[in-house]
There are 2 protein chains.
Amino acid sequence: MTKPLRKDAQRNRDLLVEAARGLYAERGLDVALEEIAKTAGVSIGTLYNHFPQRADLVNAVFADRAETVAKLAEHALSLDDAWIGLTSFIERVCELQAADRGYNELAAARPPQTEDLERGYELMTRIVERAKESGALRADFTLEDMAFVTWGIARTVEATAAVRPEVWRRHLALLFDGMRAPAANPLPEPPLLPGELAGIMGGCD
Amino acid sequence: MTKPLRKDAQRNRDLLVEAARGLYAERGLDVALEEIAKTAGVSIGTLYNHFPQRADLVNAVFADRAETVAKLAEHALSLDDAWIGLTSFIERVCELQAADRGYNELAAARPPQTEDLERGYELMTRIVERAKESGALRADFTLEDMAFVTWGIARTVEATAAVRPEVWRRHLALLFDGMRAPAANPLPEPPLLPGELAGIMGGCD
DNA sequence: ACTTAAGTTGAGGGTCTCCTCAACTTATAC
DNA sequence: GTATAAGTTGAGGAGACCCTCAACTTAAGT
């Protein structure tokens, strides 16, 4: 599809992605582009040559995460227990957030996606529907409500990383308890529509 | 206590606070100081004269919120139903967050405080303890767990304000359902210690 | 009215980050 | 080996924002 890169160009590109990966993980997405270039041992011009838009570099760095999330979703569906499938999927995604400050910020801006959006949407829908049908997940819970989990945990991870890096699990457990069917009381607002959530995610480029 | 201000100085100070209040509410705390000065119709030097530190202006703008939170807490304690006292208190605070982008950011950095820290701590503790004793709030919930609520709602408010400004109430209702005593499953992590939370809040000046 | 301490002003220096582009270097194909 | 397209370089202009300070203005006391 895309034109083949010259050997040195490919190498520089890889160095840039690797440098960005490290800096993003440690300090978040707001690292100066000049610093990424310097860390990669490459000039700022080269960075712009490979990644004209800031988002291009971010996408390159986290492209593998989309794949990872898809794998996690498939694994979740392979588990017998639908509730455990749902919660362990969410927990794994949260672990990704907790392990990488940059990914945490990205997930907070646009809840976990897969490379193939159609497919990811379908996988996650199945995870949620299956949990509802099993009777474990409250009936009024929707796929879009998962964004609340991601957003909430993102902020908790960010705030507590330096002090109690695992305490987000407590926050998450509280959320899970609110998601169980027996816990359900009527919710005051209709869920986000798929289109509304998409609009939110689109606005953060 | 503090020396009395000259009449014009007091007026300029008020203009600055008022300008900052409006800009913070609309656009968050990251407004350029020069813009605040210009909006107030005052020079940048005057702003620095009154508020040498950036945080001084923020504190001046939101000083009244501390008072408001204290009043809300007192009202919550005056209600017969301890659960309603707790949840309506939280809901009111969240409404403050939803109504003001600046306050929302502030609350996300350092969960709701009162002017008199000692007193606020005591009031909120009473709200939580009373709800536990009534049997409505799960026994393993602590005051520090309220920070999860604030953090989570802060992010949801921020993300959804433009699209569905009231949908945070749904997120909150899910949290409440997880806080009810019958919903309680064992939590995987011990709560944040008071000192740990204080450390988090202190780090954001 | 006059004095003076209090307060205001805004140009300007400093820092940081972004982004461009003309000159230079190098991989690759023949 | 050479030609050429592909890729690299880094100085430098542009734009934000921060903060200071010496000169100026004004409220308030006498």
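The structure is a predicted model, in which local features need pLDDT of at least 70 and side-chain atom pairs count only at pLDDT 80 or more, while totals for chains, interfaces and linings use all residues. Residues are numbered from 1 along each chain as its sequence is written, and chains are lettered from A and ligands numbered from 1 in the order in which they are written.

Chain A holds ten helices and zero strands, with helices (H or I, at least four residues) and strands (E, at least two) taken as DSSP runs numbered from the N terminus. The C-alpha trace of chain A spans about 60 × 45 × 30 Å along its principal axes. Of the 205 residues in chain A, 41% are buried, a term that requires 20 or more other C-beta atoms within 10 Å of a residue's own, with C-beta atoms placed from the backbone. Contacts are counted where the C-beta atoms of two residues, placed from the backbone, lie within 7 Å. Among contacts in chain A between residues at least 6 apart in sequence, 69% link residues at least 24 apart.

Turning to the pairing of the chains, the contact takes 34 residues from chain A and 34 residues from chain B. On the side of chain A that touches chain B, H9(A) gives the most, with nine residues. This side divides into 18 nonpolar, seven polar and nine charged residues; Ala, Val, Leu, Ile, Met, Phe, Trp, Tyr, Cys and Pro count as nonpolar, Asp, Glu, Lys and Arg as charged, and the others, Gly among them, as polar. Chain A superposes on chain B by a rotation of 180° with 0.0 Å of shift along its axis (RMSD 0.0 Å), using least squares on the C-alpha atoms of residues with pLDDT of at least 70 in both copies. That is the relation of a two-fold axis.

Finally, 21 residues surround DNA strand D, and the closest are Arg6(A), Asn12(A), Ser43(A), Gly45(A) and Lys7(B); a residue is near the strand if its C-beta atom, placed from the backbone, lies within 6 Å of it. The largest share of this surface, four residues, comes from H3(A). The residues of the surface near DNA strand D comprise eight nonpolar, six polar and seven charged.

Technical notes. Buried ≥ 20, exposed ≤ 12 C-beta atoms within 10 Å, placed from the backbone.
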